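Let us take a walk through this structure together.

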Amino acid sequence: MSARWLLLVLALLLPGAWANLAGYDFTDAAEERRFKALIAELRCLVCQNQSLGDSDAGLAEDLRREVFDLMREGRDDREVIDYLVARYGDFVLYRPPLKPATYLLWFGPIALFALAVWFAVRTVRNQRASAARAPLSEAEQQRIARLLSEESPPPGGPASGEAPR
Amino acid sequence: MKARFLVPLGVFAAMVALLGVGLTMNPREVPSPLVGKPMPAFDLALLNDPEARLTDRHLRGRVSVLNVWGTWCVGCREEHDVLLRLASAGVAPIYGLNWKDDRVLALRWLSELGDPYVATGFDHDGKAAIDWGVYGAPETFVLDARGTVRYKHIGVLTDALVERELLPLLRALKAESS
């Protein structure tokens with residue numbers, strides 16, 4: 001492990017890069033934190049897998065500015081988010097709201113997992129039950145003992161597969 | 001018990017179907033929350049006259065079309081002839097929203113390619129476009145006579161689409177309001 005590897009790992013662990021926020025005059029660190037938290041929650045509509053905070057698209061910059069202006073007007077986070085949802089829909093939210101249309105999204109994975117657990121438990125139980133229900137017969141036990149103790153089947157033993165020549 | 005071995009195959013087929021549908025959907029088309037709501041208010045300078053205004057009041061009172069465009073937008077050039085044909089059909093007035101553009105370039109575009117718009121608002125800083133939930137030109141809205149947004153198309157308009165969706169809707173809305 002060289003230092004280069006360590007650097008790579010560190011780089012991958014870093015949170016996503018921010019777009020250029022040089023144009024913003026934050027009054028204090030709290031305001032900057034609030035702004036960054038807000039734009040990290042909102043999706044850029046141009047580069048859909050980036051947040052407003054990550055994207056360098058022109059529209060993302062406009063919307064960041066809009067968010068900033070709304071904050072300066074004294075609106076709280078809820079109001080800023082509602083403002084964007086009213087214009088762009090729930091799609092701008094990285095955390096979609098819980099409502100009938102999103103039940104599948106929110107509960108689907110849990111339901112799928114529960115189904116898988118139920119299936120696994122059932123399979124294991126069935127196997128145990130069938131093992132307990134049909135214990136091996138005397139003849140089968142003897143055959144197991146013979147197979148385990150001997151290298152080759154005894155001559156004239158019970159019908160096995162094809163005998164070697 | 002007999003066909004149990006088919007279960008994984010069935011699950012697999014269901015997944016293929018689900019993912020197949022997902023692949024054919026267009027993630028760029030974000031449904032607009034504006035459809036069915038009153039159009040957002042706006043007040044813009046005209047593209048060809050900075051002293052005059054285009055506001056939401058101009059779009060009220062009759063069925064109209066609002067088209068968002070910019071000279072930087074390739075798709076807008078692609079659909080320009082379609083808009084010209086739609087305008088000459090005379091079914092409804094088309095208003096333009098010139099989005100984050102250069103006034104000189106935009107005026108040259110209209111004089112060179114033809115002007116399908118009754119009037120074009122000049123939205124240089126893109127504030128009005130944000131109120132309209134615009135995120136990628138071209139976008140086209142249809143408004144009824146009361147000023148309610150009734151339809152939004154994201155992307156290039158084609159003659160086929162105009163024929164199939166836009167014109168029937170415009171005619172229906174006109175019948176509704178008269």
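This is a predicted model: local features need pLDDT of at least 70, side-chain atom pairs count only at pLDDT 80 or more; totals for chains, interfaces and linings use all residues.

Start with chain A, whose secondary structure amounts to six helices and zero strands. Read along the sequence, the pattern of chain A is therefore simply α-α-α-α-α-α. Of its 165 residues, 13% count as buried. Among the contacts in chain A that link residues at least 6 apart in sequence, 42% join residues at least 24 apart.

Now turn to chain B, which has six helices and seven strands. Going from the N terminus, the elements of chain B come in the order α-β-β-α-β-α-β-α-β-α-β-β-α. The radius of gyration of chain B is 20 Å, well over the 16 Å that the globule rule gives for 178 residues, so chain B is more spread out than a compact globule. You can see this in the outline too: along the principal axes, the C-alpha atoms of chain B fill a box of roughly 80 × 40 × 30 Å. Buried residues account for 37% of the 178 residues in chain B. Among contacts in chain B between residues at least 6 apart in sequence, 76% join residues at least 24 apart.

Where do the chains meet? On one side, 12 residues of chain B are in contact with 13 residues of chain A. The chain B side of this meeting divides into six nonpolar, four polar and two charged residues.

An open sheet of seven strands has the order E2-E1-E5-E4-E3-E6-E7 in chain B, and its pairing is mixed. At the edges are strand E2 (53-55) and strand E7 (149-154) of chain B, each of which pairs on one side only. From one strand to the next, the twist averages 30 degrees.

Within the sheet, follow strand E1 (residues 43-46) of chain B to strand E5 (residues 119-123) of chain B: the two run antiparallel and are joined by two bridges. Here Leu46(B) stands opposite Gly121(B) in E5(B). Then move to strand E6 (residues 139-143) of chain B, which pairs with E7(B) in the antiparallel sense over five bridges. In this pair, Leu143(B) is placed opposite Val149(B) in E7(B). E6(B) and E7(B) form a hairpin with five residues between them, and Gly147(B) in the turn has a positive phi of about 90 degrees.

A cis peptide bond joins Ala137(B) and Pro138(B), with omega at about -5 degrees. Pro138(B) belongs to the loop between helix H5 (127-131) and E6 of chain B.

Next comes the interior. In soluble globular proteins, nonpolar side chains tend to be buried together. The largest nonpolar core here has 59 residues, and those that touch the most other members are Leu45(A), Leu66(B), Val68(B), Tyr95(B), Trp99(B), Ala129(B) and Leu143(B). Its largest share, five residues, comes from helix H3 (residues 58-72) of chain A.

Finally, zoom in on the loop between E4 and H4 of chain B, where Lys100(B) is found. Lys100(B) has a positive phi of about 45 degrees although it is not a glycine. Asp101(B) lies in the loop between strand E4 (94-99) and helix H4 (103-113) of chain B as well.

Is each of these two residues buried, partly exposed or exposed? Asp101(B) is buried, because 24 other C-beta atoms lie within 10 Å, and 20 or more are needed for that class. Lys100(B) has 17 other C-beta atoms within 10 Å, so Lys100(B) counts as partly exposed. Apart from neighbours within four places in sequence, Asp101(B) is in contact with Gly70(B), Thr71(B), Trp72(B) and Ala106(B). Asp101(B) and Ser88(B), in turn, are 13 residues apart in sequence and 25 Å apart in space, C-alpha to C-alpha.

Technical notes. Residues are numbered from 1 along each chain as its sequence is written. Chains are lettered from A and ligands numbered from 1 in the order in which they are written. A nonpolar core is a set of buried Ala, Val, Leu, Ile, Met, Phe, Trp, Tyr and Cys residues joined through C-beta atoms within 7 Å. A residue is buried if 20 or more other C-beta atoms lie within 10 Å of its own, exposed if 12 or fewer, and partly exposed in between; C-beta atoms are placed from the backbone. Helices (H or I, at least four residues) and strands (E, at least two) are DSSP runs, numbered from the N terminus. Two residues are in contact if their C-beta atoms, placed from the backbone, lie within 7 Å. Two strands pair if DSSP finds at least two bridges between them. Axes are lines fitted to C-alpha atoms, for helices over the stretch in contact, and angles run from 0 to 180 degrees between N-to-C directions. The radius of gyration is taken over C-alpha atoms; the globule rule is 2.2 Å times the number of residues to the power 0.38. Ala, Val, Leu, Ile, Met, Phe, Trp, Tyr, Cys and Pro count as nonpolar, Asp, Glu, Lys and Arg as charged, and the others, Gly among them, as polar.
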